[in-house]
Amino acid sequence: MSAQEVIPSSNPGRVHPALKLEVTEVKNGTPEQVESAIIGLLNEADDNIILCTSLHPQFYNRELISKSIQKVVEQIRSFRILLDSHTNIQQVKEELPWLFELKNKGKIEIAQSDQPIPHWLMIDRKHFRFEKPHSPSMAGKDNLIVKNADMDEKIYLIIEDVISDIDRLWEEARPVTPQ
């Protein structure tokens, strides 16, 4: 893993002088490394989360991941999960009942895309996880973690396109029904 910090030149109205862009690459990560990276991002959440995923139950049923998600939904305004087109909704409902309990209580929204989607995580529109594409039958092992993307103007110009793509994918997706 490597980290890179960039001090912003000027970004009036958005920059807190003590915050810096942080970029960490997880290559061929173990489930524990990926879990740690995701939990670290979830802990940054103040307002909203959009998780683009296929929801592999063996990963999301890990105790630390499930507890982190259950904790963060109580602390933020909005938690959305956008499922990949190949995700078997019925299987996920059966294998991740705790997640669908949160949905049924109105704590999270879940929708499914009609197309393959990148497996990304966006938190407060400034913290991100970008997962390298992989076979649907495998869990992702290669990730780029970006924190405080809004602290660097050049990076944020690129991130604005990512935000736009995620928003568009969410708007085009079909809501997942409780049953």
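Buried here means under 20% relative accessible area, exposed means over 50%, and partly exposed is in between (1.4 Å probe, protein chains only). The model is predicted, so local features need pLDDT of at least 70 and side-chain atom pairs count only at pLDDT 80 or more, while totals for chains, interfaces and linings use all residues. Residues are numbered from 1 along each chain as its sequence is written, and side-chain values use heavy atoms, with hydrogens and water left out.

**View 1. The whole chain, for orientation.** We have 6 helices and 9 strands in the protein chain; helices (H or I, at least four residues) and strands (E, at least two) are DSSP runs, numbered from the N terminus. Of its 179 residues, 48% count as buried. Take the contacts (heavy atoms within 4.5 Å) between residues at least 6 apart in sequence: 76% of them join residues at least 24 apart.

View 2. On one side sit the buried residues I65, S66, S68, I69, V72 and V73. They cover an arc of only 160° around the axis, so they share the same side of α3; the arc is that of the directions from the helix axis to the C-beta atoms. Turned away from that buried side is a face with the exposed residues E63, L64, K67 and K71. What do the buried residues of α3 pack against? Their partners are α1 (31-42), β3 (48-53), α2 (57-60), β4 (78-83) and α5.

**View 3. Helix α3 alongside helix α5.** The axes of α3 (residues 63-73) and α5 (residues 97-104) come within 11 Å and cross at roughly 10°. Axes are lines fitted to C-alpha atoms, for helices over the stretch in contact, and angles run from 0 to 180 degrees between N-to-C directions. The pair is therefore roughly parallel, a label for angles under 35 degrees. From α3, S66, I69, Q70 and V73 meet W98, L99 and L102 of α5. By class, this contact has 5 nonpolar, 2 polar and no charged residues; Ala, Val, Leu, Ile, Met, Phe, Trp, Tyr, Cys and Pro count as nonpolar, Asp, Glu, Lys and Arg as charged, and the others, Gly among them, as polar.

View 4. D124 isn't a glycine, yet has a positive phi of about 55°. For R125, also not a glycine, phi is positive and near 60°. Buried or partly exposed: which is D124, and which is R125? D124 counts as buried at 13% relative accessibility, whereas R125, at 32%, counts as partly exposed.

How values were computed: Parallel < 35°, antiparallel > 145°, perpendicular 65-115°, else oblique.
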